[in-house]
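Here are my notes for your review. Please read them with the model open.

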Amino acid sequence: MPLLMTSLRLAVRALGRHPLRTALTMLGMTIGVGAVITMAALGRGAQQSVEQDVRSAGTNLIQVRAGNFTRGGESSNIPSGLGAATTLIVADADAVRGVAGVSHAAPVVRLRAWTAGNGQRVYGQIVGTDASFPLIYRWPFSSGRSFDAQAVASRANVAILGPAVRERLFGDANAIGQTITIRDKPFTVVGVARTADEELVESVFVPYTALQDLLSIQYLHGIVVEAAQSGDATRIASDVTTLLRERHAAHIEAAGAAVAKLRQAGIMGNQMPQGGAAATSPDDFTVRTQASEALTKGLYTSVAAFVLANMPKLDEVNMQEMASTLQRAGSTMTALLAGIAAISLVVGGIGIMNIMLVSVTERTREIGIRRAVGARARDVRLQFLVEAVTLAMAGGVVGLFVGLAASGLLTWVLEWPTAFSLASVALAFGIAAAVGVFFGFYPAQRASTLTPIDALRHE
């Protein structure tokens, strides 16, 4: 260890004698490591962006709605309820979060009303929800932020605007901190969501507790559930249905009795679904995956029932396709990264070898003196090898900051997503050290083989 520290001090001193030459030699390593850091950040950011797009496609979302009615359901053996229900509560959302595979579950209360602000009015959907709703849809925010759990618990009058609502109410003006009114009740704008969803782009989002107060209700209109993996959506929907049936057993039995009375009175059809008593007691809620809703939209009930029966197979196909897409994207980015890194680092390594060979030639007499006073060949080899590694690592440190700055610049100017990881930083430093050892070994070996007499004779 003392010998290594001595060699390190000598290396720093030797590199400091020619600062310009040292800086130009480091430039190759700086560019190489900077390219590795930048490409790693772009590759990781692109992969996360693909994963986010896959999630936001809706195949991992499950919608739970209060009430149950399917037109023509009885002819297809699908139990149909009485329509609206007020039995879905916040405790149900809390219970759904405990289902295996559920990532988030957000309570939902809905209202269609006028939203006024800045002298303008917009008629659209008001969505009451909690702080997990933006996480489910992976919203970035154009400005501001989301409301948090504390705002929901305190029933705060705060709001997030969809981009179309912000444009119509405030135009190019800053909406953050402005006041809007919903049914004459003021809400403070805390964020503007960036979303392309046709339903959400023209909506206003507030804490569900505040919207319950506005409507003087305690129940929910729905729950939005996110599955951690898209392939589990159908299975989770089934588990959520089973859970809610257990929690709403009394209400379901009461609804079944009401349906039976209406049939006896001739108000509803007399066709009875097969399956016994359970089939005649329809749920007081509906559970649908977003993928199933998209596939069955506009279909006859009998055809929709057939599609829903095959949804698990569809989920498996979607999961395989998404995994294959992510794997191909990852392999492509890895190959691109490896190619750029290899070229940049080889060029930097050749520069280090060239300068080290020049350094050995210039310091031949120094080597001879060291050998003459007792230095061993391995001591000389270690000195020049440490010098090469120090040069490479110094270039790597500068390259790290260059890579971070370049990634930030690309994100700011081109809006390309970037993401850093400690693994990529460690890899960059590891490669820099390896390049220094590999390209510095030959000059160090050449210096160690010089005989003292020949070295002292060198002019």
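1. Which residues have the most contacts inside the largest nonpolar core, and how many residues does this core have? The core has 60 residues, and Phe133, Ile180 and Val204 have the most contacts inside it. A nonpolar core here is a set of buried Ala, Val, Leu, Ile, Met, Phe, Trp, Tyr and Cys residues joined through side-chain atoms within 4.5 Å. Buried means under 20% relative accessible area, exposed over 50%, partly exposed in between (1.4 Å probe, protein chains only). Strand E2 (residues 102–117) gives the most to this core: seven residues.

2. Some ground rules. This is a predicted model, with residues numbered from 1 along each chain as its sequence is written. Local features need pLDDT of at least 70, side-chain atom pairs count only at pLDDT 80 or more, totals for chains, interfaces and linings use all residues, and side-chain values use heavy atoms, with hydrogens and water left out. Strands (E, at least two residues) are DSSP runs, numbered from the N terminus.

3. Look at Ile180. Leaving out residues up to four places away in sequence, Ile180 touches Thr115, Ala116 and Gly117, among others. Its list also includes Leu161, Phe170, Phe187 and Val204. Contact means heavy atoms within 4.5 Å.

4. There is a second, separate core of 23 residues. Among its members are Met26, Val380, Leu385 and Ala447.

5. Now the cavity. The structure holds one cavity of 30 Å³ or more. The largest cavity has a volume of about 40 Å³. A cavity is a set of points on a 1 Å grid over the protein atoms alone, where a 1.4 Å probe fits but cannot get out. Points are joined across faces, edges and corners, and the volume is the space filled by probe spheres set on them.

6. The lining of the largest cavity includes Thr115, Val165, Glu202 and Val204. Lining residues have an atom within 4 Å of a point. Strands E3 (120–129) and E8 (203–207) each give two or more residues. E3 gives the most, with four. By class, the lining has four nonpolar, four polar and one charged residues. Gly counts as polar in this scheme, and Asp, Glu, Lys and Arg as charged.

7. Two backbone angles deserve a look. Asn118, in the loop between E2 and E3, has phi near 55 degrees, a positive value in a residue other than glycine. Asn118 is exposed, with a relative accessible area of 51%. Asp184 lies in the loop between strand E6 (179–182) and strand E7 (185–193). Its phi is positive, about 65 degrees. Asp184 is exposed, at 78% relative accessible area.

Terms used: 1 Å grid on protein atoms, 1.4 Å probe; cavity = no way out; pocket = protein on both sides within 12 Å on 5 of 7 lines; lining within 4 Å.
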